[in-house]
Amino acid sequence: MIQYAMLYIVTALKSESQAFVEKYRLTKTNYSGYTVFEGKELRVIVSGVGVESVKKASSFLLENFAVSDDDTFINVGICGANREHNIGTLLAIGSIIYRGKNYKVSTEPHTITCVDEEISQDFYILADMESFGFYEALKEMQNYHIFKVVSDHFEPESVTKDATKKLIFSAIDAMMREVRR
């Protein structure tokens, strides 16, 4: 029997995961309180918002599925950005600043600041609320990536579920090319 590598995707919001569900026709399953969408080689978990939520969901995947070194983990989500980045821009994250400390994730060019609360002011170049939790849970793994799509210019009140799904959907193909290179 051929063993396929699995792609695990962690999203904070259901609207982020819906883009993958529609594109890959995934089926919904519930595991210990988590919503997981599954296909033959793809599993998407909805973690909820925040560092701890993403860390717990990512750890749940590691502990409850037969994860191998060939598998790949991706944190996909939206982020706020300064006006240097256009809405809809896909960003591969190479380092995370969390509580004043910089964590190197990969050789990718972008640095994101992970914050604990939504922010409505342009204090950072890029900001999200989950990247550090994903990194904390998976830093010992071989293959993991963080991709963010710019959803707003620090105007979180302008972000809608439908717009979020469309932004992620439009970035999936480029994201998958990056993961496979």
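Residues are numbered from 1 along each chain as its sequence is written, and side-chain values use heavy atoms, with hydrogens and water left out. Because the model is predicted, local features need pLDDT of at least 70 and side-chain atom pairs count only at pLDDT 80 or more, while totals for chains, interfaces and linings use all residues.

The secondary structure comes to four helices and 10 strands, where helices (H or I, at least four residues) and strands (E, at least two) are DSSP runs numbered from the N terminus. Along the sequence, these elements follow the pattern β-α-β-β-β-α-β-β-β-β-β-α-β-α. The radius of gyration is 15 Å, close to the 16 Å that the globule rule gives for 181 residues, so the protein is as compact as a globular protein of that length. Here the radius is taken over C-alpha atoms, and the rule is 2.2 Å times the number of residues to the power 0.38. The C-alpha trace spans about 50 × 35 × 35 Å along its principal axes. Of the 181 residues, 51% are buried; the term stands for under 20% relative accessible area, with exposed being over 50% and partly exposed in between (1.4 Å probe, protein chains only).

An α-helix has 3.6 residues a turn, so residues three or four places apart point the same way. Just after H1, Arg25 takes a positive phi of about 55°.

Aromatic side chains come next. A search of the whole structure finds 11 aromatic pairs, counting rings of Phe, Tyr and Trp (its six-membered ring) whose centres lie within 6.5 Å; planes under 30 degrees apart count as stacked, over 60 as edge-to-face and the rest as tilted. Phe60 and Phe65 form an edge-to-face pair, 6.3 Å centre to centre with 80° between the planes, and both Phe60 and Phe65 are buried. A tilted pair is formed by Tyr103 and Tyr135, at 5.6 Å centre to centre and 50° between the planes. This pair links distant parts of the chain, with Tyr103 in strand E7 (residues 101-104) and Tyr135 in helix H3 (residues 131-138), 32 residues apart. Tyr103 counts as buried because its relative accessibility is 17%, and Tyr135 does so at 11%. Ring pairs also link Tyr8, Tyr31, Tyr34, Phe60, Phe65 and Phe73 into a cluster.

Now for the empty space. Rolling a probe the size of a water molecule over the atoms shows where such space is left. On a 1 Å grid over the protein atoms alone, a pocket is an open set of points where a 1.4 Å probe fits, with protein on both sides within 12 Å along at least five of seven lines, and lining residues have an atom within 4 Å of a point. Grid points are joined across faces, edges and corners, and a volume is the space filled by probe spheres set on the points.

The largest pocket has a volume of about 350 Å³. Its lining holds 19 residues, of which Ile78, Glu118, Met129, Asp152 and Pro156 lie nearest the centre. Strand E5 (72-81), strand E9 (126-128) and strand E10 (144-152) each supply at least two lining residues, and the largest share, three residues, comes from E5. By class, this lining has 12 nonpolar, two polar and five charged residues, with Ala, Val, Leu, Ile, Met, Phe, Trp, Tyr, Cys and Pro taken as nonpolar, Asp, Glu, Lys and Arg as charged, and the others, Gly among them, as polar.

The second largest pocket has a volume of about 220 Å³. Among the residues that line this pocket are Tyr24, Glu41, Asp70, Met176 and Arg180. Helix H4 (residues 161-180) gives the largest share of the lining, three residues. The classes here are seven nonpolar, one polar and three charged.

Two single residues complete the picture. Thr113 lies in strand E8 (residues 110-114) and counts as buried because its relative accessibility is 12%. Leaving aside neighbours within four places in sequence, Thr113 is in contact with Ile97, Tyr124, Leu126, Ala127 and Asp128. Lys139 sits in the loop between H3 and E10 and, at 36% relative accessibility, counts as partly exposed. The C-alpha atoms of Lys139 and Lys104 are separated by 9.9 Å, although the two residues are 35 apart along the chain.

Note on methods: Contact = heavy atoms within 4.5 Å.
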